[in-house]
Amino acid sequence: LRAADLPPAAAAAGSARLDPLLHFAGRSEVRFHDGPTRVSTLSLEGLVDRKRRLVRSSTGEIQLDYERGILRIDAPRAQGFSGNLAAAGPLATRSLHVESPLDLGHIVLVSLDNEPLESSRSMLLQVMSEEQTTGFRTKPASNGRQQIESIGVNPWQARWLAGAVRLTRPGAAGFTVTALDANGYPRKDLSSAESFSLLPDCLYYHIHP
């Protein structure tokens, strides 16, 4: 989402064009039929702050900072961040604290036993960054663009990952962090969930007693 894609506040309020930020604030539904077209929208008041360039979901569990390029998720069973983690600096939800030098990273913690993260006894931390196929190549084209020379082949490759993670929920020191391979099988146990460093080549971590 670019700032140039957004209509001015006044235009968004009085135009038939739907405000693009509407879709970040809540669920959108489209129904196809043969009758007259009708558009019904709820007010974005209190959900969109154009001055600070923030959009909050109607539930308050998701916040998009399109100034810094950070999506924050803070729901009972899923918490984490996606975007320019390096520029954002230290980030925190109610149960998770993250610091990472990745300029494009995704770090999300989810409950595996359907309990809130504050009381869950089995959690999965998922980490990802840019990926591409082996042998993917581009060459300079006009207007500063790149032209694809080769789409590459399997396997897919991801950037080295990095960061520090802390579980801030009660009892975090009593939980073990187990690094998993790409198929979900245990690789090795790391330190306590109270504080641990991400491995450069690990996408999944099981956090458990």
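pLDDT is the predictor's confidence in each residue, on a scale from 0 to 100. The views below come from a predicted model, so here is how that confidence turns out before we zoom in.

**View 1. Confidence along the predicted chain.** Averaged over the protein, pLDDT comes to 89, and 92% of the residues reach 70 or more. Residues 10–15 are a stretch to treat with care: pLDDT stays under 50 there, and the model gives this stretch four contacts beyond four places in sequence. Where pLDDT is low, the predicted coordinates should not be read in detail.

**View 2. Strand β14 and its two faces.** Follow β14 through residues 164–167 and you will see the side chains alternate.

**View 3. The partners of β14.** Strand β7 (residues 96–99) pairs with β14 in the antiparallel sense, over four bridges. Strand β17 (residues 196–197) is also an antiparallel partner of β14, here over two bridges.

**View 4. The largest nonpolar core.** This core has 28 residues. Those that touch the most other members are Leu109, Leu125, Leu167, Phe196, Leu198, Tyr205 and Ile207. Two or more residues each come from α3 (85–88), β7, β8 (105–111), β9 (123–128), β14, β15 (176–180) and β18 (204–208). The biggest giver is β9, with three residues. Apart from this core lies another, of nine residues, including Leu21, Leu44, Leu64 and Tyr66.

**View 5. Around tyrosine 205.** Setting aside neighbours within four places in sequence, which residues is tyrosine 205 in contact with? They are Met123, Leu124, Leu125, Val127, Val177, Thr178, Ala179, Leu180, Leu190, Phe196, Leu198 and Leu199.

**View 6. Serine 129 in its loop.** Look for serine 129 in the loop between β9 and β10 (131–134). Why is serine 129 called buried? Its relative accessible area is 5%, and buried means under 20%. A polar atom of the serine 129 side chain lies 2.5 Å from the backbone oxygen of leucine 104. Not counting residues up to four places away in sequence, serine 129 touches Leu102, Leu104, His106, Arg159 and Leu161.

Terms used:
Residues are numbered from 1 along each chain as its sequence is written. This is a predicted model: local features need pLDDT of at least 70, side-chain atom pairs count only at pLDDT 80 or more; totals for chains, interfaces and linings use all residues. Side-chain values use heavy atoms; hydrogens and water are left out. Buried means under 20% relative accessible area, exposed over 50%, partly exposed in between (1.4 Å probe, protein chains only). Two strands pair if DSSP finds at least two bridges between them. A nonpolar core is a set of buried Ala, Val, Leu, Ile, Met, Phe, Trp, Tyr and Cys residues joined through side-chain atoms within 4.5 Å. Contact means heavy atoms within 4.5 Å. A polar contact is a pair of N or O atoms within 3.5 Å; within protein, one must be able to donate a hydrogen and the other to accept it, and residues adjacent in sequence count only if both atoms are side-chain atoms.
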